[in-house]
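Welcome! Here is a short tour for anyone meeting this structure for the first time. Take a look at the sequence and the model, and then read on.

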Amino acid sequence: VLFIDRKEREYLRTLRPGTRVHIRGGTMQSDHLIGLDEGRIVYNTAQEPFLMLRPSFAQLVPNLPRRAQVIYPKDIGPILMWGDIYPGATVIEVGVGPGALSMALLRAVGADGRVVSYEARQDFADMAQANMRQFLGDTPNWTIKVTDALAGFEERGVDRMTIDIAEPWHLLPAAAEALRAGGLILGYVPTVMQVKTFVDALRQHGGFAAVQSFETLLRFWHVKGLSIRPEHRMIGHTGFIVVARRVVDVETR
């Protein structure tokens with residue numbers, strides 16, 4: 001549950017029967033809140049009011065429990081759009097982290113789609129699975145494999161692939177075998193040198209084309225009365241997105 005105070009500060013809390021939630025020097029009984037309609041004002045024991053809502057996905061992601069850096073909503077949106085993640089698609093995800101992108105991919109492919117996530121670290125996989133159970137529930141069309149993706153992919157004819165690891169160019173031979181013709185590969189990397197290496201590798205491989213690279217910047221605005229200005233703080237650079245299409249090999253063409 002998301003609680004928003006009078007200064008529009010946000011507090012994400014989990015309601016469990018028989019417990020209390022603590023916010024800003026006061027408490028609220030979970031039993032008094034469970035079952036209420038969202039969108040109402042509730043008060044803690046310090047008589048401070050809070051707007052109570054279910055968090056949107058964009059509000060949930062930055063608050064996910066995690067041991068690795070999360071992909072922020074400002075990048076998840078473009079990943080879904082430029083990655084062309086559509087209902088019914090089969091998607092391979094390499095690098096799970098806390099599972100934020102996994103959730104977004106599952107929401108996009110729908111019940112008829114499938115997401116297969118490769119994660120090299122067991123602790124990251126465990127955290128992603130715990131977040132998935134708590135915030136998305138039952139996900140029969142999600143498979144997580146704790147293995148090194150560099151060893152290759154079992155899947156073939158895959159529609160889309162997202163990669164969030166330090167050296168995505170090493171995966172290109174295996175990705176070319178897994179992706180169908182016309183399939184799309186998308187890499188998420190934090191530095192411009194990684195962009196350079198990845199783009200060069202895609203163009204030199206021969207099995208990929210239509211390469212694009214970009215970043216997104218997000219700046220909120222403060223709007224209160226006649227005070228209308230950009231917020232002093234903004235979410236600047238977080239990462240670069242590199243996109244390419246799987247094509248018939250140059251030798252065949």
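## Cores, pockets and a hairpin

The largest nonpolar core has 32 residues, and those that touch the most other members are Phe57, Ile76, Ile79, Val91, Val115, Trp142 and Ile241. At least two residues of this core come from each of α2 (57–60), α3 (73–82), α4 (100–109), α5 (122–135), β9 (142–146), β11 (179–189) and β15 (240–246). The biggest share comes from α4, which gives eight residues to this core. Please keep in mind throughout that this is a predicted model.

As a general point, nonpolar side chains tend to be buried together in soluble globular proteins.

### A closer look at α3

Which residues of α3 are buried? They are Lys74, Asp75, Ile76, Pro78 and Ile79. The buried residues of α3 pack against the helices α2 and α4, and also against β10 (158–163), β11, β12 (208–214) and β15.

Leaving aside its neighbours within four places in sequence, Ile76 is in contact with Phe57, Val61, Ile71, Ala100, Leu101 and Ala104. Just after α3 comes Asp84, which takes a positive phi of about 50 degrees.

Let us turn to the open spaces. In general, rolling a probe the size of a water molecule over the atoms shows where empty space is left. The table sets out the volumes and the classes of lining residues.

| Pocket | Volume | Lining by class |
|---|---|---|
| Largest pocket | about 1,000 Å³ | 10 nonpolar, four polar and nine charged residues |
| Second largest pocket | about 590 Å³ | 12 nonpolar, four polar and four charged residues |

The largest pocket holds about 1,000 Å³ of space. It is lined by 23 residues, of which Glu8, Arg9, Glu10, Phe220 and Glu231 are the closest to its centre. The elements α2, α3 and β13 give two or more residues to the lining of the largest pocket. Of the elements, β13 gives the most to this lining, with four residues.

For the second largest pocket, the volume is about 590 Å³. Its lining has 20 residues, and Val1, Arg13, Leu53, Arg54 and Pro55 are the closest to its centre. Both β6 (49–53) and α5 supply at least two residues of the lining of the second largest pocket.

How do strands β13 and β14 run, parallel or antiparallel? β13 (residues 221–224) and β14 (residues 227–230) run antiparallel, and four bridges join them. Within this pairing, His222 stands opposite Arg229 in β14. The two strands form a hairpin with two residues between them, and Gly225 in the turn has a positive phi of about 60 degrees.

### A meeting in a loop

Our last stop is Pro190, found in the loop between β11 and α7 (192–205).

In sequence, Pro190 and Gly239 are 49 residues apart, while in space their C-alpha atoms are 4.2 Å apart. Leaving aside its neighbours within four places in sequence, Pro190 is in contact with His237, Thr238, Gly239 and Phe240.

Terms used
Residues numbered from 1 in each chain as written. Predicted model: local features only at pLDDT ≥ 70, side-chain atom pairs only at ≥ 80, totals over all residues. Heavy atoms only, no water. Core = buried A, V, L, I, M, F, W, Y, C linked by side-chain atoms within 4.5 Å. Buried < 20%, exposed > 50% of the residue type's maximum accessible area, 1.4 Å probe, protein only. Contact = heavy atoms within 4.5 Å. Pairing = 2+ DSSP bridges. 1 Å grid on protein atoms, 1.4 Å probe; cavity = no way out; pocket = protein on both sides within 12 Å on 5 of 7 lines; lining within 4 Å. Points joined across faces, edges and corners; volume = space filled by probe spheres on them. Nonpolar A, V, L, I, M, F, W, Y, C, P; charged D, E, K, R; others polar.
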